[in-house]
Amino acid sequence: RTSSFAMKGKDLTVQQIAQDLHVDTVLEGAVRRAGDRLRITTQLVHAADGYPLWSERYDREMADVFDLQDEIAGTITETLEVRLGGRPDEPLRQGGTRNVDAYQEYLRGRFHWNRRDGTGLKSAMMHFQNAIQADPTYALAYAGLADAYNILAFYNYVPPADGFPRAEAAAKRALEIDGRLAEAHTSLGWIAAFHEWDWTKAEQIYLEAIRLNASYGTAHLWYCFLLGLLGRRRESREQLAIAQRLEPLSIITKGGASWLMLHTRDFERGAREAKETLALEPEFGPAWAFLGWHRVLGGRFEEAIEAWSKAVERLGGLSLAKSMLGYAHARAGNDAQAEQLYDALVESATEEYVTPYYAAAFALALGRREEAFEWLERGLEERNSFMPFLGVDPLFDDLRDDDRFAGVLDTVGLPEIEIGS
């Protein structure tokens with residue numbers, strides 16, 4: 001859905017769309033709504049020659065939309081002579097609803113969730129809760145709510161100790177309703193990786209999610225992150241390639257590629273990926289953060305400061321972005337600005353959650369090695385969601401010869417990882 005909707009409003013031929021999405025056939029058409037009546041005209045086109053394989057017009061009541069979805073999907077599979085996975089008696093869609101209002105709220109929630117900024121994530125949470133209120137048995141809505149809490153906690157918009165337990169409760173409720181829901185399993189995998197720091201459990205959960213729905217791109221992308229932080233780079237790249245094939249125009253997936261290149265020290269290529277992500281969505285805050293990381297670690301400090309300034313704005317003043325803006329100033333030799341930003345960060349920690357992981361990196365850039373370790377100890381105590389990246393993150397390369405840093409890695413439970421590409 002994410003990649004398909006990126007084509008909306010663009011003047012592209014079917015052949016161009018198929019090429020960009022890496023598909024052989026394209027379903028196109030129009031939906032018109034008048035009150036509770038729907039008119040859907042649709043056709044399935046063979047992209048190579050533009051030949052229509054099938055076309056139809058439907059006039060239905062809005063309440064029939066779910067039956068209509070299944071009917072169209074069934075007709076397409078028959079036309080293409082393909083077989084979808086699962087048993088013949090299983091529904092095509094897992095964890096769904098028959099409630100139109102709940103379905104629309106769920107779609108709105110996923111739209112806002114993909115924005116990845118604080119405002120968007122909180123809007124997503126509201127829409128998922130609305131969907132659950134409209135249909136308390138809507139498993140996908142619970143999985144969406146789990147994902148909203150997961151990302152709020154991961155980016156530290158809320159303290160991890162507050163967000164992750166809420167995410168776990170929502171994901172488990174989704175599985176109580178539908179135990180085969182890949183989205184909910186994937187949510188639990190994220191919790192196992194970034195809150196419980198249980199790599200074996202996380203991997204088992206991701207593999208189960210992929211077994212249940214190999215076409216769910218998020219499962220492959222999140223599994224790729226787990227493999228990356230464990231230093232299993234070849235496997236990580238393989239999972240990323242699958243995610244990219246499933247969602248070639250997803251800004252989340254492209255941003256994830258940039259993130260992984262940070263950990264393999266491929267700063268120029270990572271910056272290009274970040275810029276390509278921004279070309280798709282200039283307001284996407286994480287992409288400005290990715291660009292900022294690659295530029296500051298690549299020694300291009302002025303560009304890093306510009307990128308991190310935009311990240312602070314687009315991520316709503318998120319503490320990790322403010323820490324990294326200060327880090328960039330410190331690396332650029334702007335000592336006065338850096339010290340001012342650090343003092344403000346320390347003061348803000350009395351009133352709001354500050355990400356200790358990036359505060360430690362900031363302190364290290366200022367030459368405050370002991371304070372950096374104090375922040376890292378705080379990260380251990382709080383089970384901060386970024387601590388699993390310590391084994392591969394270039395921000396902390398200056399500490400790798402310190403026995404205390406090895407002790408921090410042991411506490412997180414990270415294996416010994418060879419640094420580099």
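Start with two helices, α15 and α16, in this predicted model. Helix α15 covers residues 301-314, and helix α16 covers residues 319-331. They pack with their axes 9 Å apart. The angle between them is about 165 degrees. Angles over 145 degrees count as roughly antiparallel, so α15 is roughly antiparallel to α16. The crossing of α15 past α16 is left-handed.

Which residues make the contact? From α15 come Phe301, Ala304, Ile305, Trp308, Ser309, Ala311 and Val312. From α16 come Leu320, Ala321, Lys322, Met324, Leu325, Ala328, His329 and Arg331. Sort these residues of the α15 and α16 contact by class, and 11 are nonpolar. Another 2 are polar, and 2 are charged.

Now turn to an open space in the model.

Where does the lining of the second largest pocket come from? Helices α11 (233-246), α12 (251-263) and α13 (267-280) each supply at least two residues. The largest share belongs to α11, with 6 residues of the lining.

What classes of residue make up the lining of the second largest pocket? There are 6 nonpolar residues, 6 polar ones and 5 charged ones.

Definitions and conventions. Residues numbered from 1 in each chain as written. Predicted model: local features only at pLDDT ≥ 70, side-chain atom pairs only at ≥ 80, totals over all residues. Heavy atoms only, no water. Axes fitted to C-alpha atoms, helices over the stretch in contact; angles between N-to-C directions. Helix = DSSP H or I, 4+ residues; strand = E, 2+ residues; numbered from the N terminus. Parallel < 35°, antiparallel > 145°, perpendicular 65-115°, else oblique. Left-handed = near helix turned anticlockwise from the far one by under 90°. Contact = heavy atoms within 4.5 Å. Nonpolar A, V, L, I, M, F, W, Y, C, P; charged D, E, K, R; others polar.
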